[in-house]
Amino acid sequence: MRSKPPLLAAVLLAVLLAGCGADNKNGATDAPITFPPTSSLGSGPEASSSGVPSAEPSNNAPNPSTDKEQPSDARVKELALETVGYLRERDLGSLVTLIDPEQGLRFSPYPFVNVDTDLSFKPDAFPTFKDENKLKWGEADGSGEPIELTFRDYYEQFVYTKDFADAPQVSVNKIVGTGNAIFNVPEVYPGASYVEFYFPGFDEELNGMDWQSLVLVFAPGGDDWQLAGIVHGQWTI
């Protein structure tokens with residue numbers, strides 16, 4: 001008989017914890033997605049204790065000691081690694097601090113940046129994962145149907161679709177992932193630099209046609225670079 005009170009207390013505690021979890025809408029929308037270990041065709045770079053690749057150059061990334069890399073490339077790559085960490089953690093509060101307050105941040109679902117349809121947001125009007133209104137982000141490749149999604153759904157389908165913080169190839173001002181879509185970032189963002197986080201593929205039978213990339217565009221602003229564009233790359237028809 002004396003064993004029942006502790007058992008009852010344990011049951012009540014479990015019920016209370018379950019109830020708290022059900023009411024935590026923040027966790028349901030803001031918590032980072034846990035990506036399974038990647039089985040990409042390439043191997044991942046060395047990562048820091050936070051899981052974000054270190055800023056040290058790898059065999060796939062430009063080497064700051066070479067003559068081909070500009071002095072600013074190291075800084076742009078440093079900012080890109082910082083940014084991809086914020087994207088992985090869904091830390092929008094830190095992300096907006098990197099955005100130019102006048103130009104804003106443009107989201108492009110494909111490598112061809114369409115300045116007429118791609119949405120741009122300034123820091124003081126940046127969406128959140130709790131926004132339920134659907135926005136038109138452009139047109140779907142192939143079908144031409146409008147991409148009408150909440151910010152959260154767009155983020156999961158056209159921003160952080162893979163664990164890009166652990167991408168096997170990171171390159172500065174060089175695009176590895178190419179398809180039928182024209183990569184026009186240099187024309188849309190004159191004077192800017194960009195960093196590509198690239199996965200060569202995930203299913204060997206597809207011969208790399210399932211590649212994906214995330215391109216972060218940085219424009220010069222003040223004494224530093226500022227985040228101007230987030231471009232998603234994948235095979236297009």
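Modeller: Start with a pair of residues: Phe107 has Ile230, in strand β8, as its bridge partner. Keep in mind that this is a predicted model. The bridge belongs to a pairing between β1 and β8 (residues 224-234), which run parallel over 3 bridges. β1 also pairs with strand β2 (residues 120-121), here in the antiparallel sense, over 2 bridges. In that pairing, Leu105 stands opposite Phe121.

Now look at the two faces of β1. Both are covered. Leu105 and Phe107 lie on one side, Arg106 and Ser108 on the other, and all four are buried.

Take Phe107 next. Beyond its neighbours up to four places away in sequence, Phe107 touches residues including Phe121, Phe126, Trp137, Phe151, Val159 and Ile230. The largest nonpolar core has 41 residues, and Phe107 is among those with the most contacts inside it, as are Phe126, Val159 and Ile230. Helix α3 (residues 73-89) gives this core its largest share, 6 residues. A second, separate core has 9 residues, among them Val113 and Tyr189.

Those two residues lead us to Arg106. Leaving aside neighbours within four places in sequence, Arg106 is in contact with Val113 and Tyr189, among others. Its side chain makes a polar contact of 3.0 Å with that of Tyr189. Arg106 is buried, yet it has no salt bridge. The nearest side chain of opposite charge belongs to Asp118, 5.2 Å away. A salt bridge needs a side-chain nitrogen within 4 Å of a carboxyl oxygen.

Note on methods:
Residues are numbered from 1 along each chain as its sequence is written. This is a predicted model: local features need pLDDT of at least 70, side-chain atom pairs count only at pLDDT 80 or more; totals for chains, interfaces and linings use all residues. Side-chain values use heavy atoms; hydrogens and water are left out. A nonpolar core is a set of buried Ala, Val, Leu, Ile, Met, Phe, Trp, Tyr and Cys residues joined through side-chain atoms within 4.5 Å. Buried means under 20% relative accessible area, exposed over 50%, partly exposed in between (1.4 Å probe, protein chains only). Contact means heavy atoms within 4.5 Å. Lys and Arg count as positive and Asp and Glu as negative; His and the chain ends are not counted. A polar contact is a pair of N or O atoms within 3.5 Å; within protein, one must be able to donate a hydrogen and the other to accept it, and residues adjacent in sequence count only if both atoms are side-chain atoms. Two strands pair if DSSP finds at least two bridges between them.
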